[in-house]
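I opened the notebook with a plain plan today: look at what surrounds the ligand, then at one residue, then at the chain as a whole. Here is what I had on screen.

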Amino acid sequence: MKIKLENLYKTFEDTIAVNNLNLEIKDGELISILGPSGCGKSTTLFLIAGLHSPDSGNIYFGDKIVNKVEAEDRGIGMVFQNYALYPHMSVLKNIMFPLEMQGFNKKEREEMAIEMAKITKIEEFLNRKPSQLSGGQQQRVAIARALVKKPKILLLDEPLSNLDARLRIEMREEIKRIQKEVNITTIFVTHDQEEAMSISDRILLMKDGICQQYDTPKNMYTKPKNKFVAKFLGNPPINFIETKYKDKYRVEILGSDISLDLCKFPNIINMEDKNIILGIRPEDFIITTEENALFSAKVKSMQTMGKEIYITAILDKNIEITLITSWDFNIELEDILYLNIKNLHVF
Ligand code: ATP
């Protein structure tokens with residue numbers, strides 16, 4: 001089912017939780033709503049679910065406006081962070097539960113529940129109670145229960161936040177697999193950028209109720225529309241260096257004597273007299289020789305992260321940058337690194 005949000009607003013007293021949101025989700029797509037706490041992720045999800053009504057704007061499922069359709073009639077399945085399973089019921093009964101009012105007989109209900117248990121790989125636990133399952137298995141039950149009625153839309157509100165780091169990675173792959181297998185339009189709320197990047201066809205990144213960018217994970221990372229998007233995605237975060245445009249390809253780093261010749265990066269052109277913020281991702285620095293360097297930096301601290309080293313280095317005065325190198329470089333504190341860059345963002 002295709003979803004469209006048109007000029008959507010939702011306020012709570014003096015807070016604008018969702019501010020003029022416009023969005024189209026294609027049939028069968030999995031999108032994530034990402035952003036810092038309080039940015040309006042859950043409110044957007046609840047508007048789509050019918051648990052909140054918008055102050056203004058429209059929500060379309062397919063070509064139909066559903067603003068006035070009750071939540072239970074919207075044909076959605078929902079999964080929450082806390083699973084919300086019925087503790088006294090077996091896994092099978094939990095999954096069958098949403099079918100009770102649907103007019104299916106017991107045998108049909110059982111067959112449908114077992115089919116979903118197979119897809120979500122919890123078939124062997126059907127007779128157990130939720131308390132006898134691991135967090136990941138309980139979340140699979142919650143997903144099976146959300147999908148058993150064959151909804152057209154699946155809404156997931158931070159579904160993995162109660163799981164440990166390894167299980168989160170396993171479950172996000174599972175969610176993607178199940179979602180593709182049943183081919184259901186899915187909206188996944190998370191504040192974890194890695195989770196959103198790994199699972200989504202597209203990401204909606206919000207701040208203060210406003211869409212900052214709605215794009216594929218790759219575009220979002222390689223072509224961020226503003227500094228907020230650039231900084232939100234990527235770990236360690238992107239470096240921002242404040243500069244002033246001098247002439248053709250030259251900029252001067254503010255608060256330093258360094259001027260850079262950026263002729264390799266034509267996106268710098270035509271910014272006469274402007275202050276320009278350069279965005280350089282830590283992995284986009286190249287350690288090179290003095291003659292090939294754009295600038296040099298002195299190593300201030302180092303942190304080994306598996307096969308990589310995160311280096312903080314001083315460009316000049318108090319201007320710090322973070323870069324990533326592989327640990328086979330022999331680098332010591334106080335070393336001077338000669339650096340070039342392979343990619344540049346301009347804000
Ligand atoms: P989190 O990641 O912390 O769950 P979120 O991005 O999901 O945050 P929302 O829960 O959508 O954010 O909240 C958006 C804004 O609306 C916040 O400022 C929040 O305080 C406010 N808000 C949400 N629900 C209500 C409510 N029922 N009454 C008053 N204010 C609310």
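This is a predicted model: local features need pLDDT of at least 70, side-chain atom pairs count only at pLDDT 80 or more; totals for chains, interfaces and linings use all residues.

I started by looking up which element gives most to the ligand shell: helix 1 supplies the largest share, three residues.

Next I listed the residues around the ligand, among them Phe-12, Thr-15, Ala-17, Lys-41 and Thr-43. The run Pro-36, Ser-37, Gly-38, Cys-39 and Gly-40 also belongs to that list.

Then I checked distances to ligand oxygen atoms. Ser-37 brings a polar side-chain atom to 2.6 Å from one. For Ser-42, a backbone N or O atom sits 2.9 Å from a ligand oxygen, and for Cys-39 a backbone N or O atom sits at 3.1 Å. On its own the ligand exposes 630 Å², and the protein buries 59% of that.

Gln-139 lies in helix 4 (residues 135-147). Leaving out residues up to four places away in sequence, Gln-139 touches Val-79, Phe-80, Gln-81, Tyr-83, Pro-159 and Met-171.

Last, I noted the whole chain. I found eight helices and 20 strands, and 49% of the 347 residues are buried. Among contacts with a separation of 6 or more, 65% link residues 24 or more positions apart. The C-alpha atoms fill a box of roughly 80 × 45 × 35 Å along the principal axes.

Conventions. Residues are numbered from 1 along each chain as its sequence is written. Side-chain values use heavy atoms; hydrogens and water are left out. Helices (H or I, at least four residues) and strands (E, at least two) are DSSP runs, numbered from the N terminus. Buried means under 20% relative accessible area, exposed over 50%, partly exposed in between (1.4 Å probe, protein chains only). Contact means heavy atoms within 4.5 Å. A residue is near a molecule or strand if one of its heavy atoms lies within 4 Å of it. A polar contact is a pair of N or O atoms within 3.5 Å; within protein, one must be able to donate a hydrogen and the other to accept it, and residues adjacent in sequence count only if both atoms are side-chain atoms. Accessible areas come from the Shrake-Rupley method with a 1.4 Å probe; for residues, only the protein chains shown count as cover.
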